[in-house]
Amino acid sequence: MRPQIVLFGDSITQQSFSSGGWGAALTDTYARKADIVLRGYGGYTSRLALFLLQYLFPLFRYMASFQGSKKPPAATTVFFGANDAALAGRTSERQHVPVEEYKDNLRRIVHHLKDCSSTMLVVLITPPPVDEEGRMQYAKSVYGEKAMEQPERTNEMSGVYASQCVELARELGLPSINLWAKMQETEGWQKKFLSDGLHLTAEGNAVVYREVERVLAETWLPASELPYDFPHHSQIDWKNPEKSFQQQQCSSI
């Protein structure tokens with residue numbers, strides 16, 4: 001049975017299986033070696049994510065899994081914060097989660113995942129930077145004269161949430177990806193990596209893919225070292241193919 005890597009997050013995760021998406025790229029990299037499972041929910045915050053845990057990662061199922069076929073994920077990426085960082089008093093106020101609560105919510109998510117499996121690799125990913133001008137332009141293109149007069153998110157505030165995400169990962173001894181800082185290392189990141197000031201372009205998705213793939217390779221296993229679930233065609237005895245699959249079954253027991 002192939003190991004599972006779950007991508008858990010908001011719209012930036014939900015869109016990761018689109019053409020050029022970072023989740024799709026991971027699926028290609030781990031083809032026939034691990035299953036990439038998409039669990040992205042557009043508009044969700046860390047507060048809402050807590051309500052999903054019992055459905056997406058049910059403890060009772062995994063507790064019984066050792067006697068059955070259901071195993072907990074080998075790894076899970078947790079990618080929330082872009083919506084939590086929406087400013088109070090602005091147009092997306094309903095999504096605002098105070099930064100102290102955001103950090104505590106992430107902690108509760110991690111603890112739940114570790115209760116599912118103490119060996120599960122949990123990777124925390126910070127929210128990306130925000131191009132405030134890009135957000136304003138996007139709003140005007142969608143809402144015209146009814147568009148917001150001030151951006152509902154700022155890059156400075158997203159950085160505050162990013163720092164808390166990284167700090168929590170350090171406290172818990174988990175790997176993290178500081179996407180907020182990483183993207184801003186590149187000149188012109190605002191338009192290069194962000195399509196509407198918040199969500200990712202193909203180039204932005206490529207940054208996330210490279211960082212996630214790097215962390216998985218460093219802290220778990222690179223795809224190159226994982227075995228195929230079934231024999232490569234070059235290893236099959238074409239005159240007696242059944243023998244090859246019997247050997248595969250024996251090696252997996």
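A nonpolar core is a set of buried Ala, Val, Leu, Ile, Met, Phe, Trp, Tyr and Cys residues joined through side-chain atoms within 4.5 Å. Keep that in mind as you explore this predicted model, where the largest such core has 30 residues. The protein itself has 11 helices and five strands, and buried residues make up 48% of its 253 residues.

**The overall picture**

- Taken along the principal axes, the C-alpha atoms fill a box of roughly 70 × 35 × 30 Å.
- Among contacts in the protein with a separation of 6 or more, 74% are between residues 24 or more positions apart.

**The nonpolar cores**

- In soluble globular proteins, nonpolar side chains tend to be buried together.
- Within the largest core, the residues with the most contacts are Ile-5, Trp-22, Leu-26, Tyr-30, Val-208, Val-212 and Leu-216.
- Several elements each supply at least two residues of this core, including strand E1 (4-9), helix H2 (22-29), strand E3 (75-79) and helix H10 (202-219).
- Helix H10 gives the largest share of this core, with five residues.
- Another core, of 28 residues, lies apart from this one, and among its members are Ala-49, Phe-57, Leu-106 and Leu-113.

**How H2 meets H10**

- Helices H2 and H10 pack at an angle of about 45°, and their axes are 8 Å apart.
- Because of that angle, H2 counts as oblique to H10.
- The crossing of these two helices, H2 and H10, is right-handed.
- On the H2 side, the contact is made by Trp-22, Ala-25, Leu-26 and Thr-29.
- On the H10 side, Asn-205, Val-208, Tyr-209, Val-212, Glu-213 and Leu-216 make the contact.
- Sorted by class, the contact of H2 with H10 has seven nonpolar, two polar and one charged residues.

**A look at Gly-23**

- Gly-23 lies in helix H2.
- Is Gly-23 buried or exposed? Its relative accessible area is 0%, so Gly-23 is buried, since buried means under 20%.
- Leaving aside neighbours within four places in sequence, Gly-23 is in contact with Leu-7, Ser-16, Phe-17 and Ile-36.
- Gly-23 and Ser-11 are 12 residues apart in sequence, and their C-alpha atoms are 12 Å apart in space.

Technical notes. Residues are numbered from 1 along each chain as its sequence is written. This is a predicted model: local features need pLDDT of at least 70, side-chain atom pairs count only at pLDDT 80 or more; totals for chains, interfaces and linings use all residues. Side-chain values use heavy atoms; hydrogens and water are left out. Buried means under 20% relative accessible area, exposed over 50%, partly exposed in between (1.4 Å probe, protein chains only). Helices (H or I, at least four residues) and strands (E, at least two) are DSSP runs, numbered from the N terminus. Contact means heavy atoms within 4.5 Å. Axes are lines fitted to C-alpha atoms, for helices over the stretch in contact, and angles run from 0 to 180 degrees between N-to-C directions. Angles under 35 degrees count as roughly parallel, over 145 as roughly antiparallel, 65 to 115 as roughly perpendicular and the rest as oblique. A crossing is left-handed if the near helix is turned anticlockwise from the far one by less than a right angle, and right-handed if clockwise. Ala, Val, Leu, Ile, Met, Phe, Trp, Tyr, Cys and Pro count as nonpolar, Asp, Glu, Lys and Arg as charged, and the others, Gly among them, as polar.
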